[in-house]
Amino acid sequence: MAPKRSKFAVFEAAKTPQNTAFVLLATLIAFGYTALRFQLNIEYTGATWQQLYDLTAPIPFGTRVLVPLLSRPLVHLGYSVREAFVFWEAVSCLALIFCTRAVLQKFITPFQASAGAIGFIHLLPLAFLLRFEWPVFYPHDTPAMLVVVAGLHLALNQQWRWLLPLTFVGTLNRESAILLPMVYCLINADRHPILQLAGRTAALLAAYVLGRLLVGLLVADNPRPYAGSMAFTLNDGWRV
């Protein structure tokens, strides 16, 4: 009989000596990727890091409030906004590696999962570090990926009670947290009675709506160049 896995399997990599190499490699990669992002990416002048921190950035950029709010204690300690964003980018990247490994371990061996998690992070430079028209650093990008992967891990393990606050917190980071109720519903469609599944999915959607309402109150007076809370239109035309 297989041993029972901990509810916090995401962090099991740090518990056993044989995983020390993975932890060190993941830390090195997370720090290196973070350094490259701040070296090769630029600050978007239409929604500066200071505006994001002050919660005054135009919508929809201004609705991504989680990292700016988490950065406030660091700034109060004397660190700059940039340094605070560097810190949370590194933390998010490292956590993303561990969460990806935890998800993959549901389907493949621990060694393969470790290799897959490290390999996944090496795909990110294709989207974020190559030179293109808008090589912009947004502090919410990596946390948004972390939220989805962590949510996938919780959904696979049927840890609905932890997924509920994650959905709310993830919504403060980016509206893509709407994926979490969908992921939970699809993964658990054949695991629960229909009424239970519907109730839990509805609760996750309520957490999302509550998060969006809170964000809306925080940035109610921010400029809206896209005429709404999403960047679907610009200058009276659809942005396909």
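How close do the axes of helix 4 and helix 7 come, and at what angle do they cross? I looked this up before anything else.

**Ground rules.** I am working on a predicted model, where local features need pLDDT of at least 70, side-chain atom pairs count only at pLDDT 80 or more, and totals for chains, interfaces and linings use all residues. I number residues from 1 along each chain as its sequence is written, and side-chain values use heavy atoms, with hydrogens and water left out.

**Helix 4 and helix 7.** I took helices as DSSP runs (H or I, at least four residues), numbered from the N terminus. The axes of helix 4 (residues 81-104) and helix 7 (residues 141-156) come within 9 Å and cross at roughly 25 degrees. Axes here are lines fitted to C-alpha atoms, for helices over the stretch in contact, and angles run from 0 to 180 degrees between N-to-C directions. Helix 4 and helix 7 are therefore roughly parallel to each other (angles under 35 degrees count as such). I noted their crossing as left-handed, meaning that the near helix is turned anticlockwise from the far one by less than a right angle.

I then listed the contacts (heavy atoms within 4.5 Å). Helix 4 contributes residues including Glu 89, Ser 92, Leu 96 and Val 103, and helix 7 contributes residues including Thr 142, Met 145, His 153 and Leu 156. By class, this contact has 13 nonpolar, four polar and one charged residues. In that count Ala, Val, Leu, Ile, Met, Phe, Trp, Tyr, Cys and Pro are nonpolar, Asp, Glu, Lys and Arg are charged, and the others, Gly among them, are polar.

**Arg 37.** Is Arg 37 buried or exposed? I found Arg 37 in helix 1 (residues 20-40), and at 0% relative accessibility it counts as buried. Buried means under 20% relative accessible area, exposed over 50%, and partly exposed in between, with a 1.4 Å probe and protein chains only. Leaving aside neighbours within four places in sequence, Arg 37 is in contact with residues including Glu 89, Phe 128, Tyr 138, Asp 141 and Thr 142.

**Backbone in the loops.** I checked the loop between helix 2 (49-54) and helix 3 (66-76), where Pro 60 is found. The peptide bond from Ile 59 to Pro 60 is cis, with omega near 10 degrees. Leu 55 lies in the loop between helix 2 and helix 3. Leu 55 is not a glycine, yet has a positive phi of about 60 degrees, and is buried at a relative accessible area of 12%. Gln 158, in the loop between helix 7 and helix 8 (160-173), also has a positive phi, near 55 degrees. Gln 158 is partly exposed, with a relative accessible area of 37%.

**Nonpolar cores.** A core here is a set of buried Ala, Val, Leu, Ile, Met, Phe, Trp, Tyr and Cys residues joined through side-chain atoms within 4.5 Å. The largest has 33 residues, and those with the most contacts inside it are Ile 97, Ile 121, Leu 124, Leu 163, Leu 166 and Tyr 184. Helix 7 gives the most to this core, with eight residues. A second, separate core of 15 residues includes Phe 61, Val 67, Phe 85 and Val 136. I also followed Leu 163: not counting residues up to four places away in sequence, Leu 163 touches Gly 151, Leu 154, Leu 180, Tyr 184 and Leu 204.

**Gly 211.** I placed Gly 211 in helix 10, buried with a relative accessible area of 0%. Gly 211 and Gly 170 are 41 residues apart in sequence and 8.3 Å apart in space, C-alpha to C-alpha.

Definitions and conventions
Helix = DSSP H or I, 4+ residues; strand = E, 2+ residues; numbered from the N terminus. Parallel < 35°, antiparallel > 145°, perpendicular 65-115°, else oblique.
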